[in-house]
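Try each one before reading its solution.

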Amino acid sequence: MKMMIAYIAMCLIFGTTFLSIEIGIEGGMPPFFFAGARFFLAGVIILFLLRGAKSLKHPIFTTLLAMWTGQKKRSLQLVIGIALGFIGTYLVATGTSHETSSGGEKKMVYAGIALLLFIKFIYALALTRFQKHTSSVPSMTSNGLQMIVGSLFLLLLSICFEHVTPSEYSPAALGALAYLIVFGSVVGYSIFYWLLRVTNAVFPTTFTFISPVIAMYVGVLFMNEEFTIAMGIGAGTVISSVVFLSWGVRGKSKRLQMDVLKSDS
């Protein structure tokens, strides 16, 4: 029960970050600076909270890589989950493009989806290898350092390509930045790494399936965005994918939670 409450809270947090990002951009914040400031400040807060205490990925690619490296056994439900995940993500992402976009815009949409999938693959590959070879590194320490290092590159891009004028940012944009720092980064990823400890390497990452679905409905409710039948079918397919990818996790998580409690005591 505790695990599912934490999972639902994490999905809701990450699902609402899309709206916060949109509010921040519309409020005048340049994208690179917005993201860089978010992750730099969040990383500093995480490392400050840890204060040296001893205290990872997209589910499709995480599952494929875990199966390839022998960290997860191949099974029919995993194959079905991966297939449904690809189909559902495609339908959610392109649900309106076929009806409202021109040929050039459609190509940009598909190119963007391909680029995102490639980035997710690289990220999953790096984190899978990291988990295998650096198990002694505290997960939250690693998370904080990843945020800070990544933010430095984003801020460098901001210096090169953006004109940063904080006085022009709206109060709503500053509020969105604060929400993303505290909830979208510190709280959200703290829950994520706790779930990673008490379940497995795949179940926590399924939030990347659920959160876009939540973001879709939040956009429809609060931003008057379009909703199509294809997007609804995609949302249902995504949820089915999560069920298949998370098959059997609850029984395993009970044993892992007991191990975590013993190690923390």
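**Exercise 1.** How are α1 and α2 oriented to each other: roughly parallel, roughly antiparallel, roughly perpendicular or oblique?

*Solution.* This is a predicted model, where local features need pLDDT of at least 70, side-chain atom pairs count only at pLDDT 80 or more, and totals for chains, interfaces and linings use all residues. Residues are numbered from 1 along each chain as its sequence is written, and side-chain values use heavy atoms, leaving out hydrogens and water.

Step 1: locate the helices. α1 covers residues 2-26 and α2 covers residues 31-50. Helices are DSSP runs (H or I, at least four residues), numbered from the N terminus.

Step 2: take the angle. The two axes cross at roughly 130° and come within 10 Å. Axes are lines fitted to C-alpha atoms over the stretch in contact, and angles run from 0 to 180 degrees between N-to-C directions.

Step 3: classify. Under 35 degrees counts as roughly parallel, over 145 as roughly antiparallel, 65 to 115 as roughly perpendicular, and the rest as oblique. α1 and α2 are therefore oblique to each other.

**Exercise 2.** Classify the pair α2 and α7, then sort the residues of their contact.

*Solution.* Step 1: α7 spans residues 139-161. Its axis and that of α2 come within 7 Å and cross at roughly 150°.

Step 1: the pair is therefore roughly antiparallel.

Step 2: the contact of α2 with α7 has 19 nonpolar residues, seven polar and no charged. Ala, Val, Leu, Ile, Met, Phe, Trp, Tyr, Cys and Pro count as nonpolar, Asp, Glu, Lys and Arg as charged, and the others, Gly among them, as polar.

**Exercise 3.** Classify the pair α7 and α8.

*Solution.* Step 1: α8 covers residues 171-198. α7 and α8 pack at about 140°, with axes 10 Å apart.

Step 1: α7 and α8 are therefore oblique to each other.

How values were computed. Helix = DSSP H or I, 4+ residues; strand = E, 2+ residues; numbered from the N terminus.
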